[in-house]
Amino acid sequence: MFVSTREIEVRYAETDQMGVVYHANYLIWMELGRTQLIKDLGFNYAELEKDGILSPVMDIQASYKKPLLYGQKAIVKTWIEEYDGLRVNYGYEIFNEEGELAVTGLTKHVCVKKDSFRPLSIRKKYPEWHEAYEKAKKQPVEAN
């Protein structure tokens, strides 16, 4: 399983009145992690959009473990949790600079045609992307 890493410096504007990162900012950081993973695998999401393809979020989950504060660094780890040629689930862990887990998350996506929002097969339309995702995704644990 390939894991991408993206470091983010917590900015003042991302915090609430208590100096804690506002919860919705973690969703933005997941997007940054996802974009970094795609880039690390040799692809560019903006190019996909130029082809008239979008990858909307169908579901998102976040579990908050420990607050991140202004002035700290967030380390976003992102991987492909599941992929079947059509749908992709990305997993996330966000740590503080001391390595303490702050947030876990999961987003579910499907690629669609921009003009119709009809799903399309990554496997068929982008075979190189499909192959890279197959190699990078988390492998299922075999039961004994």
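What you have open is a predicted model, where local features need pLDDT of at least 70, side-chain atom pairs count only at pLDDT 80 or more, and totals for chains, interfaces and linings use all residues. Residues are numbered from 1 along each chain as its sequence is written, and side-chain values use heavy atoms, leaving out hydrogens and water.

Switch to cartoon view: there are four helices and seven strands (DSSP runs, H or I of at least four residues for helices, E of at least two for strands, numbered from the N terminus).

Now for salt bridges (a side-chain nitrogen of Lys or Arg within 4 Å of a carboxyl oxygen of Asp or Glu); the structure holds eight.

Select Glu7 and Lys73, whose closest N and O atoms are 3.8 Å apart. Glu7 sits in strand E1 (residues 3–9) and Lys73 in strand E4 (residues 73–83), so this pair ties together parts 66 residues apart in sequence.

Next, pick Glu81 and Lys138, which meet in a salt bridge at 3.1 Å, N to O. Glu81 belongs to strand E4 and Lys138 to the segment after helix H4 (127–136), so parts 57 residues apart in sequence are tied together.

Last stop: Lys50 and Glu47, a salt bridge at 3.3 Å, N to O. Both lie in helix H2 (residues 45–50), three residues apart, about one turn of the helix.
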